[in-house]
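Colleague: I'm new to reading protein models. Could you walk me through this one, a feature at a time?

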Amino acid sequence: MSFFIPAAMAQSAGGAAPAGTGFEWIFLIGFVVIFYLMIWRPQAKRAKEHKNLLAGLSTGDEVVTGGGILGKVKKVTDEFVVLEVGEGQELKFQKGSIVAVLPKGTLKAI
């Protein structure tokens, strides 16, 4: 009788669920949707806003750089911006380092 027991156990172990039941696809699609909504979309929106900010720079704008330096735009080129940071003191920055445009009149000492 013990001769038939291993054959019976082997046969019952073969009844496993087939792979690809659909739950894997649901989780994969769920992760892609979460990634899109929480990471990619907000980052693309910020990049677009920064690009528009840089495209709209003009002489006389008051800006702040990534390093926290405040200044008034004196000259704008394709890649660089010249800022007046003090009376007769001008510094040259890359356009990408500008992080915000301040309201007019913020810098009264310049």
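Predicted model: local features only at pLDDT ≥ 70, side-chain atom pairs only at ≥ 80, totals over all residues.

Colleague: Which residue of E3 does Lys 75 stand opposite?

Modeller: Lys 75 faces Val 82 across the pair. To get from E2 to E3, the chain makes a hairpin through 3 residues.

Colleague: What about the other partner of E3, strand E4?

Modeller: E4 covers residues 89-94, and its pairing with E3 is antiparallel too, over 6 bridges. In that pair, Leu 83 sits opposite Leu 91 of E4. The hairpin here has 2 residues between the strands, and Gly 88 in it takes a positive phi near 75°.

Colleague: Is E3 mostly covered or mostly open?

Modeller: Here's a general idea for reading strands: in a regular strand, side chains alternate between the two faces of the sheet. As for E3 (residues 80-86), it is mostly covered, with 5 of its 7 residues buried.

Colleague: Which residues make up the largest nonpolar core?

Modeller: The general idea first: in soluble globular proteins, nonpolar side chains tend to be buried together. In this model, the largest nonpolar core has 8 residues: Leu 54, Leu 57, Val 63, Val 73, Val 81, Leu 83, Phe 93 and Ile 98. Take Val 63: setting aside neighbours within four places in sequence, its contacts include Leu 57, Val 73, Leu 83 and Ile 98. Val 63 also touches Gly 71 and Ala 100, among others.

Colleague: And which residues form the nonpolar patch on the surface?

Modeller: The patch is made of Trp 25, Leu 28, Ile 29, Val 32, Val 33, Ile 34, Phe 35, Tyr 36, Leu 37, Met 38, Ile 39 and Trp 40. Together they have about 1,300 Å² of accessible area. One of them, Ile 39, lies in helix H2, which spans residues 23-55.

Colleague: Can we zoom out now? How many helices and strands does the chain have?

Modeller: There are 2 helices and 5 strands, in the order α-α-β-β-β-β-β along the sequence. Of the chain's 110 residues, 16% are buried. The accessible surface is about 8,600 Å², with 65% of that belonging to carbon and sulfur atoms.

Colleague: What share of the contacts joins residues at least 24 apart?

Modeller: Counting contacts between residues at least 6 apart in sequence, that share is 43%.

How values were computed. Residues numbered from 1 in each chain as written. Heavy atoms only, no water. Patch = residues over 30% accessible without salt bridge, like charges linked within 9 Å, V, L, I, M, F, W, Y side chains within 5 Å. Areas by Shrake-Rupley, 256 points an atom, 1.4 Å probe, with all protein chains shown as cover. Salt bridge = Lys/Arg side-chain N within 4 Å of Asp/Glu carboxyl O. Helix = DSSP H or I, 4+ residues; strand = E, 2+ residues; numbered from the N terminus. Core = buried A, V, L, I, M, F, W, Y, C linked by side-chain atoms within 4.5 Å. Buried < 20%, exposed > 50% of the residue type's maximum accessible area, 1.4 Å probe, protein only. Contact = heavy atoms within 4.5 Å. Pairing = 2+ DSSP bridges.
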